[in-house]
Amino acid sequence: MDRDLKLFQTRITEFIFVNQEPEPADIIFVPGNGYPQMAERAAKLWREKMAPRILPSGRYSVTLGHFAGVMEKEAQYGGEYETEWEFLSHVLQQNGVPQDCILREDQATFTYENAIYSRKVTDRAGLEIKKAILCCKSHHARRCLMYFQRLYPQTEFLVCPSDTENITRENWYETEKGITEVMGEADRIIRQFNLMMK
């Protein structure tokens with residue numbers, strides 16, 4: 001591989017695939033989608049006493065207008081769900097998180113709204129979020145972090161992502177799908193950051 005191309009690939013990987021070690025925090029955020037891995041990771045962190053509460057967020061995709069369905073592990077988590085929140089809440093409970101430790105946000109229809117409406121939920125609950133864990137898709141990590149940092153500017157975030165769709169920081173550049181997804185994330189970050197700055 002060309003040296004400059006390899007350097008570019010390395011820089012994109014480091015930028016997009018944010019990944020940090022968890023530490024005890026005030027809350028775990030799980031932005032909505034139809035993949036269970038992020039809620040499974042959040043439940044594991046909750047069982048390890050990394051945070052007392054989890055806030056899954058999401059209604060459904062604004063482009064579809066309905067919940068897209070369970071995207072992976074359907075045999076384990078299949079069912080009829082009206083919202084992403086309902087699905088993620090079910091995954092959390094199946095993995096040992098009691099219902100009273102799960103907060104509710106079921107209005108968001110895209111990622112920035114996940115952050116906006118999550119902030120409304122924590123404000124209504126009177127929660128001061130000094131440190132938070134963010135469980136999202138690994139190739140979605142930078143954009144999720146950007147949005148949540150904007151809504152929680154005083155909060156320290158630790159990103160603890162999960163791989164989905166067979167896209168990882170080690171292999172994204174090996175398939176057309178991986179390249180499309182990751183470069184699409186880079187493009188959206190640039191465009192949406194530009195809008196935020198105006």
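Is Lys49 buried or exposed, and what is its relative accessibility? The legends below, for close-up views of a predicted model, begin with this residue.

**View 1. Lys49 in the loop between α2 and β2.** Lys49 counts as exposed because its relative accessibility is 71%, over the 50% cut-off. The residue follows helix α2 and is not a glycine, yet its phi is positive, at about 65 degrees. Most residues other than glycine have a negative phi.

**View 2. Asn166 in the loop between β4 and α7.** Asn166, which is not a glycine, has a positive phi of about 60 degrees. With a relative accessible area of 64%, Asn166 is exposed, since exposed means over 50%.

**View 3. Thr168 in the loop between β4 (156–159) and α7.** Thr168 counts as buried because its relative accessibility is 12%, under the 20% cut-off. The side chain of Thr168 reaches the backbone nitrogen of Glu170 at 3.2 Å. When residues up to four places away in sequence are not counted, Thr168 touches Phe17 and Asp163.

**View 4. Helix α2 (residues 37–47) and its covering elements.** Helix α2 is mostly covered, with 8 of its 11 residues buried. The buried residues of α2 are Gln37, Met38, Ala39, Glu40, Ala42, Ala43, Leu45 and Trp46. An α-helix has 3.6 residues a turn, so residues three or four places apart point the same way. The elements covering the buried residues of α2 include the strands β1 (27–31), β2 (54–57) and β3 (131–134). Helices α3 (74–77) and α4 (84–94) are also among the elements that cover these residues of α2.

**View 5. The largest pocket and its lining.** The volume of the largest pocket is about 710 Å³. Its lining comprises 32 residues, and those nearest the centre of the pocket are Gly32, Asn33, Ser61, Thr111 and Lys137. By residue class, the lining of the largest pocket divides into 14 polar, 11 nonpolar and 7 charged residues.

**View 6. Helices that contribute to the lining of the largest pocket.** At least two lining residues come from each of α5 (111–124), α6 (141–151) and α7 (176–197). Helix α7 supplies 4 residues, the largest share of the lining of the largest pocket.

Methods
Residues are numbered from 1 along each chain as its sequence is written. This is a predicted model: local features need pLDDT of at least 70, side-chain atom pairs count only at pLDDT 80 or more; totals for chains, interfaces and linings use all residues. Side-chain values use heavy atoms; hydrogens and water are left out. On a 1 Å grid over the protein atoms alone, a cavity is a set of points where a 1.4 Å probe fits but cannot get out, and a pocket is an open set with protein on both sides within 12 Å along at least five of seven lines; lining residues have an atom within 4 Å of a point. Grid points are joined across faces, edges and corners, and a volume is the space filled by probe spheres set on the points. Ala, Val, Leu, Ile, Met, Phe, Trp, Tyr, Cys and Pro count as nonpolar, Asp, Glu, Lys and Arg as charged, and the others, Gly among them, as polar. Buried means under 20% relative accessible area, exposed over 50%, partly exposed in between (1.4 Å probe, protein chains only). Contact means heavy atoms within 4.5 Å. A polar contact is a pair of N or O atoms within 3.5 Å; within protein, one must be able to donate a hydrogen and the other to accept it, and residues adjacent in sequence count only if both atoms are side-chain atoms.
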